[in-house]
Amino acid sequence: MTILKVSGLIKRFGGNEVIRGIDLDVEKGERIAVLGASGSGKSTLLRCLNFMEMPDAGTITLDGKLVGHREAELTLVRQRIGMVFQQFNLFPHMTALGNVMEGLRTVRRMSKPDAEARAERELARVGLADKAAHYPAHLSGGQKQRVAIARALAMDPELLLFDEPTSALDPELVGEVLGVIRSLAEEGRTMLLVTHELGFAYHVATRVIFLADGTIHEQGTPDEVLKHPRRERTQAFLARHKEFSL
């Protein structure tokens with residue numbers, strides 16, 4: 001079942017075409033790792049998929065319905081396509097619980113007791129039940145990112161987008177966030193993950209996409225792309241990342 005269909009996606013910033021006609025079908029339950037050098041268009045692609053950036057051309061279809069052409073529907077689309085950012089994007093004046101509750105209260109119009117109960121469940125899911133009353137300033141980077149994941153999960157998204165969720169973390173904190181993402185993968189969540197954690201991509205992804213110059217340069221199973229890449233640019237990229245273990 002195709003949950004998301006992208007056709008001819010183009011995104012420009014001034015005269016610079018960052019995404020150049022990408023076609024992509026995402027099946028329900030797929031876990032797609034998106035790889036590529038800096039500037040290849042990885043983050044821009046994700047931001048176009050939930051319309052944080054408006055594409056200049058092409059179409060995005062969610063569950064068979066064309067989306068993104070009416071401003072009024074964008075809030076609903078962003079609920080259905082959740083996003084976890086590199087820099088957490090938590091509200092500093094709210095506790096962990098408050099951050100997870102916010103969308104439930106303001107977007108879903110949930111009652112405070114219901115929103116609080118749901119937020120507590122999601123914090124427990126990411127291992128932070130004991131940090132509900134803590135403010136972001138008193139959380140580690142890994143804990144902040146797990147709060148951000150709980151916030152995204154609280155909205156019941158059909159598709160989760162992760163934009164380099166571990167790249168802002170100290171090395172010793174990376175594992176706790178990857179552990180949460182792995183558990184979501186085991187639940188059968190549909191996700192696109194932009195990452196430089198190639199070993200993690202190899203073991204968790206069902207498909208790997210390598211972007212170059214705003215296009216899908218190569219794609220296939222983790223074994224095909226990460227162990228037996230066919231294209232020269234993919235081979236060169238992987239040769240620079242030989243520290244990962246498959």
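Predicted model: local features only at pLDDT ≥ 70, side-chain atom pairs only at ≥ 80, totals over all residues.
Figure 1. Residues are numbered from 1 along each chain as its sequence is written, and side-chain values use heavy atoms, with hydrogens and water left out. The end C-alpha atoms of residues 4-238 lie 28 Å apart, and this span is 38% helix and 26% strand. The protein has nine helices and 10 strands; helices (H or I, at least four residues) and strands (E, at least two) are DSSP runs, numbered from the N terminus. The radius of gyration of the protein is 18 Å, close to the 18 Å given by the globule rule for 246 residues, so the protein is as compact as a globular protein of that length. This radius is taken over C-alpha atoms, and the globule rule is 2.2 Å times the number of residues to the power 0.38. Along its principal axes, the C-alpha trace spans about 55 × 45 × 35 Å.

**Figure 2. The largest nonpolar core.** A nonpolar core is a set of buried Ala, Val, Leu, Ile, Met, Phe, Trp, Tyr and Cys residues joined through side-chain atoms within 4.5 Å. Buried means under 20% relative accessible area, exposed over 50%, and partly exposed in between (1.4 Å probe, protein chains only). The largest core has 38 residues, of which L123, V147, I149, F162, I181 and L184 touch the most other members. Two or more residues each come from α3 (96-106), α4 (112-125), α5 (141-154), β7 (159-163), α6 (171-186), β8 (191-194) and α7 (198-204). Helix α6 gives the most to this core, with eight residues. Apart from this core lies another, of 29 residues, among them L9, I32, C48 and I209.

**Figure 3. Surroundings of V147.** Contact means heavy atoms within 4.5 Å. Leaving aside neighbours within four places in sequence, V147 is in contact with L90, A96, N99, V100, L123, L128 and L139.

**Figure 4. Helix α3 and its cover.** Eight of the 11 residues of α3 are buried, so this helix is largely enclosed by the rest of the structure. The buried residues are A96, L97, G98, N99, V100, M101, G103 and L104. Helices α4 and α5 are included in what covers them.

**Figure 5. T166 in a loop.** Residue T166 lies in the loop between β7 and α6. With a relative accessible area of 7%, T166 is buried. Not counting residues up to four places away in sequence, T166 touches V174, V177, L178 and E197.

**Figure 6. The salt bridge between E53 and R47.** A salt bridge is a side-chain nitrogen of Lys or Arg within 4 Å of a carboxyl oxygen of Asp or Glu, and the structure holds 14 of them. In the pair formed by E53 and R47, the closest N and O atoms are 3.7 Å apart. E53 counts as buried at 19% relative accessibility, whereas R47 is partly exposed, with a relative accessible area of 26%.

**Figure 7. The salt bridge between R118 and D156.** The side chains of R118 and D156 meet at 2.9 Å, N to O. This pair links distant parts of the chain, with R118 in helix α4 and D156 in the loop between α5 and β7, 38 residues apart. R118 is buried at a relative accessible area of 11%, while D156 is partly exposed at 41%. Salt bridges that share partners join R118, E122, R125, D156, E187 and R189 into one network.

**Figure 8. The salt bridge between R146 and E176.** The closest N and O atoms of R146 and E176 are 3.0 Å apart. R146 lies in helix α5 and E176 in helix α6, so the pair ties together parts that are 30 residues apart in sequence. R146 counts as buried at 12% relative accessibility; E176 is partly exposed, with a relative accessible area of 25%.
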